[in-house]
Amino acid sequence: MTISPVLSDTRTMTDRVRVAEAAAAAGADVAMAMFERDIETEEKSSKTDVVSEADGAAQDEILTTIADHYPDDVVVGEEGNTPKEIPETGDSWVVDPIDGTSNYLHGFTVWCQAVAAVRDASPVAAAVTRPAVGDTYVADDTEFRKNGDPTTVSDESDPERFVVAPTLRVGDDNRDQYLSVIETCFADLGDLRRIGSAQLTLAMVAAGSIDVALGIGRSHPWDTVAGVHMIRTAGGTVTDLDGNPWRHDSDGLVASNGQAHDAVLDAFDF
């Protein structure tokens, strides 16, 4: 399925959000063309942390689109030799060509492209595309939209009804923490989902499909920045594990619709 930018005629959106959406769409087209094909892969940090040739090809297309408009901006990207840290000053971009590569390689449709425009280390625009089902999530500095329609976080206020989605990757070093998160979800909150794509999980919080997302430990900026910006623009709350406003270098992340954020923090007792 080809992703076409849905905000191209919407003058209220800023130029950087237009470029973010166009870049994500360009990467989405490349990834879709290689989806469910026999492509090369290699392991990164573990047997379940893999990269494919589609990741690299999609990132190249995203970088080209950004460079066509902002050739002097720093681009932080997951793959290749791109910078890995967001500069504290100036304009930059953060990109993930395929967030949810394991899902992608297994033929699941739960994966996305994520592009965020950043100024002085804070996001100002973001786009996430889920091309396998045709969804596009976009936020500038004032409005969040899903598939072109203004959208907000959910209005659920009862923590015992919250749908919670962990974003952390499970490994030998955090398996006990993950099991504790699962136990707390079922004991004190509502229900649990594991999406397998951090950026798509965060976009779904912004769109009201999920009430809470959380990650333990420091996350990579390409896994978080775009989605965090969307949640805040859609009316939600994102903090670190201590309840302080989340930054790209924070230790841990708790994102919610903002209706009972403190209750969520208390439940997990980080």
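The model is predicted.

**Helix H7**

Helix H7 spans residues 261–268. His-261, Val-264, Leu-265 and Phe-268 are its buried residues. Viewed down the axis of H7, these buried residues fall within an arc of 100°, so they line one face of the helix. An α-helix has 3.6 residues a turn, so residues three or four places apart point the same way. Asp-262 and Asp-266 sit on the other side of H7 and are exposed. The cover over the buried residues of H7 includes one helix, H4 (175–188). It also includes strands S10 (163–166), S12 (212–215), S13 (237–239) and S14 (253–256). After H7 comes Asp-269, with a positive phi near 50°.

**Annotated binding site**

An unreviewed UniProt entry lists Glu-78, Asp-96, Ile-98, Asp-99 and Asp-223 under "binding site". These residues are spread over 146 residues of sequence, yet cluster in space. Their largest C-alpha distance is 10.0 Å.

Glu-78 lies in the loop between strand S3 (74–77) and strand S4 (91–99). Ile-98 lies in strand S4. Ile-98 has a relative accessible area of 1%, under the 20% cut-off, and is therefore buried. The table gives contacts of both residues, leaving aside neighbours within four places in sequence.

| Residue | Contacts |
|---|---|
| Glu-78 | Lys-44, Gln-59, Lys-84, Val-95, Asp-96, Pro-97, Ile-98, Trp-222 |
| Ile-98 | Ala-31, Ala-54, Asp-55, Glu-78, Tyr-104, Trp-111, Cys-112, Gln-113 |

Glu-78 and Ile-98 thus touch each other, with heavy atoms within 4.5 Å.

Notes:
Residues numbered from 1 in each chain as written. Predicted model: local features only at pLDDT ≥ 70, side-chain atom pairs only at ≥ 80, totals over all residues. Heavy atoms only, no water. Buried < 20%, exposed > 50% of the residue type's maximum accessible area, 1.4 Å probe, protein only. Helix = DSSP H or I, 4+ residues; strand = E, 2+ residues; numbered from the N terminus. Arc of directions from axis to C-beta. UniProt positions renumbered as here; feature names shortened; annotations may be inferred.
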